[in-house]
Amino acid sequence: MIKSMTGFASLTREDDRATIAVTIRTVNHRYLDLQLRSPQSLAAIEAEVRALVGRHVARGRVEVSISVQLRITPGIDVELNEEFARALEAALGQARARGLVSGALTPGDLLRMPQAITVRDRQPGDDEETQAAIGKQALEAGHALVDLDSMRSREGEHLRTDLDSRRIFVADLVERIAAAADWGRAAMEQRVAERVRELRVDLQADETAVAQEIVRMAARSDISEEVERFRAHVSHWSALADSPEPCGRKLDFLLQEMNREVNTMGSKADGLRVSELIIAAKAELEKMREQVQNVE
């Protein structure tokens, strides 16, 4: 199946605890390269997120960003330094006994002493229940991968349309190369035969040996095997594109083989239009190779 490696999707989930936003971007890459950015509070679900991405994406650079905005009102923790308070009370008792101070210790007195009372903001969502609920919501927001998959499939349909038209065109070019090569080989045999007839007047030549040499020369310019292999590659291309499995790497390898066959045709074939057709076929294969770099 031809599916693009380029895509984008985002999804937001909200409840009374938090708002969770997931953004996913994918671009070309030779292998699966997952870059995950998420709060430290979601570290426990990182393995599940990576497994979820792996079920939807086989190849490409994947950037997953998860943000969490808590909606829980933060609380306040007030802690009394009991050891300091006891020491303070003992010191004040001694001062009263000596007549140095009078009166009792008031809450206002303690609040003016930073060593006595510590006031801290309680971080919301620190309890295990809340963390588990937020993690579950984050995984549900991971359904953005379904939207991503749909986008990549739509892009893949456009890629397939373009690649199919180029495949048909380059297959036609190879058939024209084969026809031009057949014409060139026949013309070469005719030229050699005429030249032999011209030389026969002056030289005594073995007719059998001359015929065998002409056959060998014709065989060296025969590209029928390369054409048949190229046709097989074209058929294999269709099979790969129709299969449900990712086929980007296989198509890239197949294009290398097709290009190799065309190069061999160019080095063996003889004919007036062969070179022109070979150049056109190689240019079209290069355009296909550039497109295939975006196929998963």
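User: What does the accessible surface of the chain come to, and what part belongs to carbon and sulfur atoms?
Analyst: This is a predicted model. The chain has an accessible surface of about 17800 Å², and carbon and sulfur atoms account for 51% of that surface.

User: How much of the chain is buried?
Analyst: Of the 296 residues, 34% are buried.

User: And the secondary structure, how many helices and strands?
Analyst: The chain has 9 helices and 6 strands. For contacts between residues at least 6 apart in sequence, 82% are between residues at least 24 apart.

User: Switching to cavities. How many of 30 Å³ or more?
Analyst: The count is 1 cavity. The largest cavity has a volume of about 70 Å³.

User: Which elements give two or more residues to its lining?
Analyst: For the largest cavity, those are β2 (18-27), α1 (46-56), β4 (60-70) and α4 (128-141). Helix α1 gives the largest share, 3 residues.

User: Which residues are they, and how do they divide into nonpolar, polar and charged?
Analyst: The largest cavity is lined by V22, I24, V49, L52, V53, V64, I66, A138, L139, G142 and L145. The division is 10 nonpolar, 1 polar and no charged.

User: OK, now the largest pocket. What volume, and which residues line it?
Analyst: The largest pocket holds about 170 Å³ of space. Its lining consists of M5, H29, R30, Y31, R59, G248, R249, D252, V292 and Q293.

User: How does that lining divide by residue class?
Analyst: In the largest pocket there are 3 nonpolar, 3 polar and 4 charged lining residues.

User: Which helix gives the most to the pocket lining?
Analyst: Helix α8, residues 248-268, gives the most to the lining of the largest pocket, with 3 residues.

User: Last topic, E284. Where is it found?
Analyst: E284 is in helix α9, which spans residues 274-292.

User: Buried or exposed?
Analyst: E284 is buried, because its relative accessible area is 8% and the cut-off for buried is under 20%.

User: What does the E284 side chain join in a polar contact?
Analyst: The side chain of E284 makes a polar contact of 2.8 Å with the side chain of R166.

User: Which residues is E284 in contact with, leaving aside neighbours within four places in sequence?
Analyst: With those neighbours left aside, E284 is in contact with R166, F169 and V170.

Note on methods:
Residues are numbered from 1 along each chain as its sequence is written. This is a predicted model: local features need pLDDT of at least 70, side-chain atom pairs count only at pLDDT 80 or more; totals for chains, interfaces and linings use all residues. Side-chain values use heavy atoms; hydrogens and water are left out. On a 1 Å grid over the protein atoms alone, a cavity is a set of points where a 1.4 Å probe fits but cannot get out, and a pocket is an open set with protein on both sides within 12 Å along at least five of seven lines; lining residues have an atom within 4 Å of a point. Grid points are joined across faces, edges and corners, and a volume is the space filled by probe spheres set on the points. Helices (H or I, at least four residues) and strands (E, at least two) are DSSP runs, numbered from the N terminus. Ala, Val, Leu, Ile, Met, Phe, Trp, Tyr, Cys and Pro count as nonpolar, Asp, Glu, Lys and Arg as charged, and the others, Gly among them, as polar. Buried means under 20% relative accessible area, exposed over 50%, partly exposed in between (1.4 Å probe, protein chains only). A polar contact is a pair of N or O atoms within 3.5 Å; within protein, one must be able to donate a hydrogen and the other to accept it, and residues adjacent in sequence count only if both atoms are side-chain atoms. Contact means heavy atoms within 4.5 Å. Accessible areas come from the Shrake-Rupley method with a 1.4 Å probe; for residues, only the protein chains shown count as cover.
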